[in-house]
Amino acid sequence: MQEDLRMFVDKLERADLLQRITREVDPRFELSAVARAVERLGKAMVFSNVKGYRLPVVTNVFGSRTQLAMIFGTSPEDVVREFMKRSEVRVDPVLVDTGPCKEVVKIGEEADIDRLPLVTHCEKDAGPYVTAGIIVAKDPETGRRNVSINRMMYKNAHTLACRMMPPQHLGLIQGKAEAQDRPLEIAVAIGNHPVETLVAATTLAYGDDEFALAGALRQHPLELVKCETVDLEVPATSEIVLEGEIVPNVREPEGPFGDLMQYYVPIMENHVFRLKAITHRKDPMWQTIQASSLEDVHLLALSREAKVMRAVEQSGAKVRAVSLVPTIMSVVVSIQKQFEGEPKNVAAAAFGAYSWLKYCVVVDHDVDVFDINDVWWAMATRSDVGKGLLQMENALGFPRDEFHIHQSKLGIDATAPLNQWHEFERKRIPGHEALNLQDYLG
Ligand code: MN
């Protein structure tokens, strides 16, 4: 059987990257508060005692570069390159007869969202949300599949609100169905192997099947099963699947919701999802992702880091590493500098490849792009603020920008002067890197 979420969680546990939390937690705020603290340890979590519910809740399976590296069987530094390499040739999914997500099938009134431990993350959130559901839909004209992640707010045992908006593909697809006055069938799979969540968070060309990217990243075709009440297919190994439809020509209030940038998106008139069926495993796990958590940022960063790395390498620069953490609106690129001025070209290439960027800091190969303290050190000790800044005014930036503060960009050359390495070589202490502290603390 293909690797699924629980197999991945076991793998994390064997690598000491999992924290089990057995003390009772309230799914309203408390679970979220604990997760915020535990993510700093670089560990995923399974909450096995969620107040009012039988299901355990898993979160933060992507919260660090080390966890991402476990998905790709590579080192933390090589995750982006491995993602790029595996993405090159798509592998179409295959349909199988049945799978674990069909162990329990509940159709109609029997299907009940109230049994699922939806989490309320932030103080002013409108209520509990489904945040880790991957939504499968098909273009009503072409039949092409789309997979995406969209937040869904609890309304009642059979109804959720759902945010979708063109140019996001699900919004485009819903618009086509609505133009024909037809409901849009969707399936929401929750509790997925990290690869399926990752591809759902990746923006491909319209019409490209995200599940074919999942097969490429898995290096094996993704196994899908047919849904019970909608003409769609979902991963056979998902924990829980909600089947239903988006009602045409209806909008109801959704929000506020603490979003990616750590701000609340306001109440908006959004779409309504009507549940038709739930299928799940005998002992399912619920999964949640906190918006703006380290997990959320890592999840969104990877495919964008690949875009930046590809563009910067095509400019001729020798790239060592790229990081869009801790915010996906700024990037750090480390290079083996070949020419004076080259870091500005690197920044320009990065801005061209990925429009949401506001800052691009270019550092030398000896700086750890994953350690923001190290990056700040390089800026303080190597950059020339008089000559090393690339400013772009009124370019294309992050689109939701009511105050017009995200449309200009700054590239910062934080590299040492060329051919002066003897002056800028970092001091090191022989033996420090290989040191095992436990040997001395005994
Ligand atoms: Mn798509």
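Mentor: Happy to! Gly 316 sits in the loop between helix H8 (294–314) and strand S20 (319–323); helices (H or I, at least four residues) and strands (E, at least two) are DSSP runs, numbered from the N terminus. Bear in mind that this is a predicted model, in which local features need pLDDT of at least 70 and side-chain atom pairs count only at pLDDT 80 or more, while totals for chains, interfaces and linings use all residues. Residues are numbered from 1 along each chain as its sequence is written, and side-chain values use heavy atoms, with hydrogens and water left out.

With a relative accessibility of 43%, Gly 316 counts as partly exposed; on this scale, buried means under 20% relative accessible area, exposed over 50%, and partly exposed in between (1.4 Å probe, protein chains only). Setting aside residues up to four places away in sequence, Gly 316 touches Gln 338 and Glu 342, where contact means heavy atoms within 4.5 Å. Between the C-alpha atoms of Gly 316 and Thr 381, which are 65 residues apart along the chain, the separation is 26 Å.

Now to the metal. Asn 146 (OD1), His 169 (ND1) and Glu 210 (OE) coordinate the manganese ion at 2.1 to 2.3 Å, and along the chain these donors follow the spacing N-x22-H-x40-E. Two of them link distant parts of the chain: His 169 belongs to helix H5 (residues 169–179) and Glu 210 to helix H7 (residues 210–218), 41 residues apart. Donors here are N, O and S atoms within 2.8 Å of the metal (3.2 Å for Na, K and Ca), and since water is not among the atoms, sites may look incomplete. Both His 169 and Glu 210 are buried. Glu 210 is also touched by Thr 202, whose contacts beyond four places in sequence are Glu 210, Leu 213 and Ser 303. Thr 202 lies in the loop between helix H6 (194–200) and H7 and is buried, with a relative accessible area of 9%.

H7 leads us to helix H4 (residues 79–87): the two axes come within 8 Å and cross at roughly 115°, the axes being lines fitted to C-alpha atoms, for helices over the stretch in contact, with angles from 0 to 180 degrees between N-to-C directions. Phe 83, Arg 86 and Ser 87 of H4 make this contact with Leu 213, Ala 216 and Leu 217 of H7. By class, these residues are four nonpolar, one polar and one charged; Ala, Val, Leu, Ile, Met, Phe, Trp, Tyr, Cys and Pro count as nonpolar, Asp, Glu, Lys and Arg as charged, and the others, Gly among them, as polar.

H4 also meets helix H3, with axes that come within 10 Å and cross at roughly 35°. On the H3 side the contact uses Arg 65, Leu 68, Ala 69, Ile 71 and Phe 72, and on the H4 side Val 79, Val 80, Glu 82, Phe 83 and Arg 86. That makes seven nonpolar, no polar and three charged residues in the contact of H3 with H4. H3 (residues 65–72) has six of its eight residues buried, so the helix is largely enclosed by the rest of the structure. Those six are Arg 65, Gln 67, Leu 68, Ala 69, Ile 71 and Phe 72. Just past H3, Gly 73 has a positive phi of about 60°.

Finally, the backbone. Most residues other than glycine have a negative phi, and most peptide bonds are trans. Asn 249, in the loop between strand S14 (240–246) and S15, has a positive phi near 60°. Asn 394 has a positive phi too, near 50°, and is exposed at 57% relative accessible area. Its loop runs between strand S23 (389–392) and strand S24 (409–413). As for cis peptide bonds, one joins Gly 255 and Pro 256, with omega about 0°, and another runs from Val 325 to Pro 326, with omega near 15°.
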